[in-house]
Amino acid sequence: MRTHQILGTLAATTLASLALTACSTDDEDSTGGDNTGGASVVATTTPLGSVTAQIAECAEGQATTLMPVGADPHDFSASSAQIADLATADLVVANGLGLEGGLDAALTQAEEDGVEVLHVAEDVDPLPFGEEEGHDHGDLDPHFWLDAARMASAAEIIGARVAEVSGDQAWADCGTEVGSELTALDEELRETLAAVPGDRRTIVTDHDAFGYFTEAYDFDSAGVVVPGGSTEAEPSSQELAALAGVITDEGVPAIFSNTAVNPGLVDALAAEVGDDITVVPLYVGSTGEEGSPAGDYQGMMRENARLIVDALA
Ligand SMILES: [Zn+2]
C-alpha cells in the first residue's frame, strides 16, 4: 500500500489495470487478488464502514473505511493515496444515489478501471425525497442507513456481494448474521422511541436526511434548515424565518443538528426561534469516535434514539 501512495495517480491507474488483469472475472480464486489471505473491501461512509467491518471481522477478511469519523459524506473528497487504495479493493461498498458528491469522479474512475463498486442504497427499496423540500421530482433519497431495517438488508447484500467477487462464502454467512443483529436493533429502536408521545413526534433537522427515519419509526418532519437533500445549499433568511414560524406554531421543542456538519445555520435558526428551543446534535452522516457510545453503527442509532427521546418525550 505504501508504495502505491508514493507513486501517485498516474501509477495508480497502471496498478488498477494490473489488479484488473490479476483478479478480474475469476470467481474461483478465493484469494481475490489480495495478498493477505481474505477478501479486501473498502466502504465509503462511516456507517457503511462500521457494518462492513463487522461482517469482515466475522469472515476474517479486510475492511477499511474511506471517510474519517466526523466527515460529511456529501462533501468528502478522497486523497490520491485513498484513490489508489480503491483500485486494489476486491469490492468498494458505496452508498450511492448521489450521497457521496465529492467522491463521484473517484468512484467512476474505479469502476472504469474494473473495480467492483456496490451502490447499496439502490438495492434497499429506496424512497423518493419528500416533495416539499425543493428536490427534482423523482429524486431518490440516499439516507437509507437511518432505518436500521434497511441497514440489515444492506448487511446481507454486502456480504453476498463480497462472497460473489471473492468466492469466500463466509462473507455471505456473516452478512446474514450481522443482518439479524441489525433487525434486532431495529426492534430495540422502535421500543426506545415508543417513549415519545404521538403528538410530539415532529422533528426539524439540519438537512433532508430523515425521510427513511420518519417513515420507519413513525415521525413527521416539520421542515429542514438546509434545502435540497444535501448539506451544501444555504437557506435564505426568508426560509429561515418561515421555518422558525412553523417551529413556534407547532411547539416543536428541539432542532436536531448533525455532528458531521458545522452547526452555524441550525444555531441561526434557533436564535430566530428564541428561548424555547434547544439544539441537539445527532449522528447523521457519521458515527462517533471509536470507543465512544456512538462509535459503531448500532451505537450511533441507539444514541440518536436516546437523544430524540430526551429532547421530545
Ligand atoms: Zn445527508
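**Salt bridges, a zinc site and a helix pair**

Good morning. I begin with a network of salt bridges that links D125, D147, R150 and E215; a salt bridge here is a side-chain nitrogen of Lys or Arg within 4 Å of a carboxyl oxygen of Asp or Glu. The model is predicted, so local features need pLDDT of at least 70 and side-chain atom pairs pLDDT 80 or more, while totals for chains, interfaces and linings use all residues. Residues are numbered from 1 along each chain as its sequence is written, and side-chain values use heavy atoms, without hydrogens or water.

D125 lies in the loop between β4 and α5, and R150 in helix α5; helices (H or I, at least four residues) and strands (E, at least two) are DSSP runs, numbered from the N terminus. The two residues are 25 apart in sequence, with their C-alpha atoms 8.1 Å apart. The cut-offs are under 20% relative accessible area for buried, over 50% for exposed, and partly exposed in between, with a 1.4 Å probe and protein chains only. Leaving aside neighbours within four places in sequence, D125 is in contact (heavy atoms within 4.5 Å) with R150 and Y212.

The structure holds 8 salt bridges. Another of them joins R161 to E116, with the closest N and O atoms 3.1 Å apart. This pair links helix α5 to the loop between α4 and β4, across 45 residues. R161 is partly exposed at 22%, and E116 is partly exposed at 35%.

I turn to the metal. Which protein donors does the zinc ion have? They are the NE2 atoms of H74, H143 and H207, lying 1.9 to 2.0 Å from the ion; donors are N, O and S atoms within 2.8 Å of the metal (3.2 Å for Na, K and Ca), and water is not among the atoms, so sites may look incomplete. Along the chain, the spacing is H-x68-H-x63-H. H74 and H143 are both buried.

Finally, helix α5 packs against helix α6 at an angle of about 175 degrees, with axes 7 Å apart. Axes are lines fitted to C-alpha atoms, for helices over the stretch in contact, and angles run from 0 to 180 degrees between N-to-C directions. The two helices are therefore roughly antiparallel, a term for angles over 145 degrees. Residues in the contact include M151 and A155 of α5, and W171 and L182 of α6.

Key: Parallel < 35°, antiparallel > 145°, perpendicular 65-115°, else oblique.
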